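Here are my notes on this two-chain model. Please keep the structure open while you read and find each element as it comes up.

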Amino acid sequence: MSRFKKKKGSGTPAISTASLPDIVFMLLFFFMVTTVMRETTLLVENTLPQASEVKKIEDKSLCSYIYVGAPVSGIQTKFGTEPRIQLNDSFKLAADIQEFVASKREATAEEKKPQLITCIKADVDAKMGLITDIKQELRKAQAYKINYATYSSID
Amino acid sequence: MSRRSLPEINAGSMADIAFLLLIFFLVTTTMDVDTGLVRKLPALPEDEEEIIDDSQIKAKNIYVVLVNAKDQLLVEEELMEVSQLREGAKKFLDNWGKNPNLSDNPQKAIISLQNDRGTSYEMYIKVQNELSAAYRELRDREAQKKFGVNYTKLKGDNKKEIRKMYPEKISEAEPKNVGGK
């Protein structure tokens, strides 16, 4: 009789949290593997245009990014309000693109070189004049594969 | 062996440490996939002769799309809204010689796009998007007819066959600077 009484008093047993670290570690590893650190700080306004016929970029590591847009509000006194080109972490001129593409090509393994792609991330307010200059430079650098980065809209 | 048993390390705070790291990676991670319109630039013309070669194509097989600095669209010498461009391009591509002013067949048809230096990037992308949409719709229709699925779902030779039927030929002329900056 006393055996039955004992159980009544104890209430619900505490759930074991011993496996909690394991679960958290599992999640942690997932995020560690999938995470891609943002390499560049954006110095330009970058609102991408919308398009419906978009394709996904399979491998981001094969992408060289060219940012185009007006300098962000904090640095407009220094760099003006006209759209400019940003490569890596600084403003550059269109003439610097060839070197930029070449250095990316240098850093890529031989078998992956044909898959290299240049992503143009241009702001909606940018003018085609600047984009055309970029395209001409890319043609000179023989980087023919380009991608106009856009947000995807479903219509 | 009379080794003194080591005191067990308290692993209770392990979860806290792991949580801390987890939250860090949760915050820094960006899950967004890059999407965009993929295009292939033409090689720079080696000499003058290659440029002249373009004029050999019959005028009716070229669909001229002009965008000016005010983002207005002139298609085949007529003003047009962006919303009409898709239908216009489809009509041109899918003509098969019926209308003598439009293309002979989709293989020969070329869309020539020319923009001003003052054209906005947003407008340019809109036009590019509508033109690709026209091709995609025609390809989808053909793929549905032949294989019962959309073009993007096709694989290998079937995809090639449809692509050969409606090759995406969008040519971009050297830009002009008419409207100023």
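1. Start with one residue pair. B:V65 stands opposite B:V75, which lies in β3(B). Three bridges join β2(B) to β3(B), and these strands run antiparallel. Two strands pair if DSSP finds at least two bridges between them. Strands (E, at least two residues) and helices (H or I, at least four residues) are DSSP runs, numbered from the N terminus.

2. A word on the source. This is a predicted model: local features need pLDDT of at least 70, side-chain atom pairs count only at pLDDT 80 or more, and totals for chains, interfaces and linings use all residues. Residues are numbered from 1 along each chain as its sequence is written, while chains are lettered from A and ligands numbered from 1 in the order in which they are written.

3. Look at the hairpin of β2(B) and β3(B). It has five residues between the strands. There, B:D71 takes a positive phi near 60°.

4. Now the other partner of β2(B). Six bridges join β2(B) to β5(B), and the two run parallel. B:Y63 stands opposite B:I111 in β5(B). How much of β2(B) is buried? Five of its six residues are, so to call a residue buried, 20 or more other C-beta atoms must lie within 10 Å of its own; 12 or fewer make it exposed, and anything in between partly exposed, with C-beta atoms placed from the backbone.

5. Next, α3(B), residues 82-93. This helix has 12 residues and reaches 17 Å from its first C-alpha to its last, close to the 16 Å expected at 1.5 Å a residue. The expected span is 1.5 Å times one less than the number of residues. Its buried residues are B:L85, B:G88, B:A89, B:F92 and B:L93.

6. Turn to where the chains meet. The contact takes 44 residues from chain A and 38 residues from chain B. Residues are in contact if their C-beta atoms, placed from the backbone, lie within 7 Å. On the side of chain A, the largest share, nine residues, comes from α2(A). That side divides into 25 nonpolar, eight polar and 11 charged residues. Ala, Val, Leu, Ile, Met, Phe, Trp, Tyr, Cys and Pro count as nonpolar, Asp, Glu, Lys and Arg as charged, and the others, Gly among them, as polar.

7. Five bridges join β7(A) to β1(B), residues 35-40, and they run antiparallel. The bridge partner of A:Y148 in β1(B) is B:L37.

Conventions: Contact = placed C-beta atoms within 7 Å.
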